[in-house]
Amino acid sequence: MAEITAEKIWDLWTAIQEKRPLVHCITNIVTVNDCANILLAAGASPTMAHHPLEAAEVTEGCSSLVCNLGATESFEAMVAAGKRAFELNHAVVVDPVGAAGSSFRRKLCFELLHQITPSCIRGNLSEIKALATDSSTASGVDAAKEDMLCGGALEETAELVRRFAEERRTIIAASGETDLVSDGKNVYAVHNGSSMMAKITGSGCMESVLLGAFLSVENTLESAAASCGVMGICGELARHRTREVRGGTGTYRIQLIDAVSLLRKAQVKELQRVEKIF
């Protein structure tokens, strides 16, 4: 598999602008507005149908589906939409929000994975570890501090992600200071991003729906890694612009969405740091 180039990332980005995919997001109430806005900023379109009696029908007209376990009350809708999306060969992303600190959410996630076949499972590293080991690895919905840094052992952590992807026969995207993305054979490390992303609510949820847009135009490992790269690049650009205006986390949240809507090819060429580990 060839290395991911800035040219490849930009081709996928422009494909989203051209195709304007409709992404069905079953996500939590805390981040639903930001998820909708980041998809619009990327050139895609969001729809949020959470009722189990309409979820499958709505997803028929979409290009991809994102199921966020922060919305535990919408579990039946996720199952219905997920089954229909699979029948239609749509990309499906599962985000195991809170699985690192809640056995209830891990149980729900495993049940969902038993009933549907996702294209990708995307969560922070603590959530991915929790699913891989079926144990609590953090408190709340944020990654443990050591997991934000990949435990200080990038190759060892990459191997854990690769094995879990191999076991689940899907793409695994684990976010942290370095994002790790694997299909069970190859692993990409995405070094783009900003520590400020962890200081606003919903950056992970936004990354998941953006991933849904990328996978809707190309359902591959390369596309998943490119999506993480774009989110990280925009996180860096937003940090720079926030510092320029001496803003805080509220400013950063707005700047992050602005960075997505204003992304340029030259910025991708200059900033992207996506490398293949193995």
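Analyst: We begin with a definition: a residue is buried under 20% relative accessible area, exposed over 50%, and partly exposed in between (1.4 Å probe, protein chains only). Helices (H or I, at least four residues) and strands (E, at least two) are DSSP runs, numbered from the N terminus. This is a predicted model, in which local features need pLDDT of at least 70 and side-chain atom pairs count only at pLDDT 80 or more, while totals for chains, interfaces and linings use all residues. Residues are numbered from 1 along each chain as its sequence is written, and side-chain values use heavy atoms, with hydrogens and water left out.

User: Which residues point one way from strand β3, and which the other way?

Analyst: On one side of β3 are Ser64, Val66 and Asn68, on the other Leu65 and Cys67, and all are buried. Since five of the five residues of β3 (residues 64–68) are buried, the strand is largely enclosed by the rest of the structure.

User: How many bridges join β3 to strand β1, and how many to strand β4?

Analyst: Two strands pair if DSSP finds at least two bridges between them. Strand β1 (residues 22–26) runs parallel to β3 and is joined to it by four bridges; here Cys25 stands opposite Val66. Strand β4 (residues 91–95) also pairs with β3 in the parallel sense, over five bridges, and Val94 in β4 is the bridge partner of Cys67.

User: What do β3, helix α4 and β4 make together?

Analyst: A crossover is right-handed if, with the strands pointing away from the viewer, the path from the first strand over the helix to the second runs clockwise. In this model β3, helix α4 (residues 75–87) and β4 make a right-handed β-α-β unit.

User: Where is Asn89, and is this residue buried or exposed?

Analyst: Asn89 is placed in the loop between α4 and β4. Its relative accessibility is 67%, so Asn89 counts as exposed. Although Asn89 is not a glycine, it has a positive phi of about 65°. Arg169, in the loop between α8 (154–168) and β6 (171–175), is not a glycine either and has a positive phi of about 55°. At 78% relative accessibility, Arg169 counts as exposed.

User: Which backbone nitrogens does the side chain of Asn28 reach?

Analyst: A polar contact is a pair of N or O atoms within 3.5 Å; within protein, one must be able to donate a hydrogen and the other to accept it, and residues adjacent in sequence count only if both atoms are side-chain atoms. Asn28 is found in the loop between β1 and α2 (32–42). Its side chain reaches the backbone nitrogen of Val30 at 3.0 Å and that of Thr31 at 3.1 Å. With a relative accessible area of 9%, Asn28 is buried.

User: With which side chain does the side chain of Asn192 make a polar contact?

Analyst: The partner is the side chain of Glu236, at 3.1 Å. A polar atom of the Asn192 side chain also lies 2.8 Å from the backbone nitrogen of Arg273. Asn192 is found in the loop between β8 (187–190) and α9 (203–217), and it counts as buried at 3% relative accessibility.

User: How many aromatic pairs are found in the whole structure?

Analyst: A pair of aromatic rings is described by the distance of the centres and the angle of the planes. Rings of Phe, Tyr and Trp (its six-membered ring) pair if their centres lie within 6.5 Å; planes under 30 degrees apart count as stacked, over 60 as edge-to-face and the rest as tilted. A search of the whole structure finds one aromatic pair. Trp13 and Phe214 form this tilted pair, 6.1 Å centre to centre with 35° between the planes. Trp13 lies in helix α1 (residues 6–19) and Phe214 in helix α9, so the pair ties together parts 201 residues apart in sequence.

User: Which residues have the most contacts inside the largest nonpolar core?

Analyst: In soluble globular proteins, nonpolar side chains tend to be buried together. A nonpolar core is a set of buried Ala, Val, Leu, Ile, Met, Phe, Trp, Tyr and Cys residues joined through side-chain atoms within 4.5 Å. The largest core has 58 residues, and those with the most contacts inside it are Trp13, Val181, Phe214, Val230, Leu256 and Leu263. Helix α10 (residues 221–244) gives the most to this core, with eleven residues. A second, separate core of 34 residues includes Leu65, Ala77, Ala99 and Val187.
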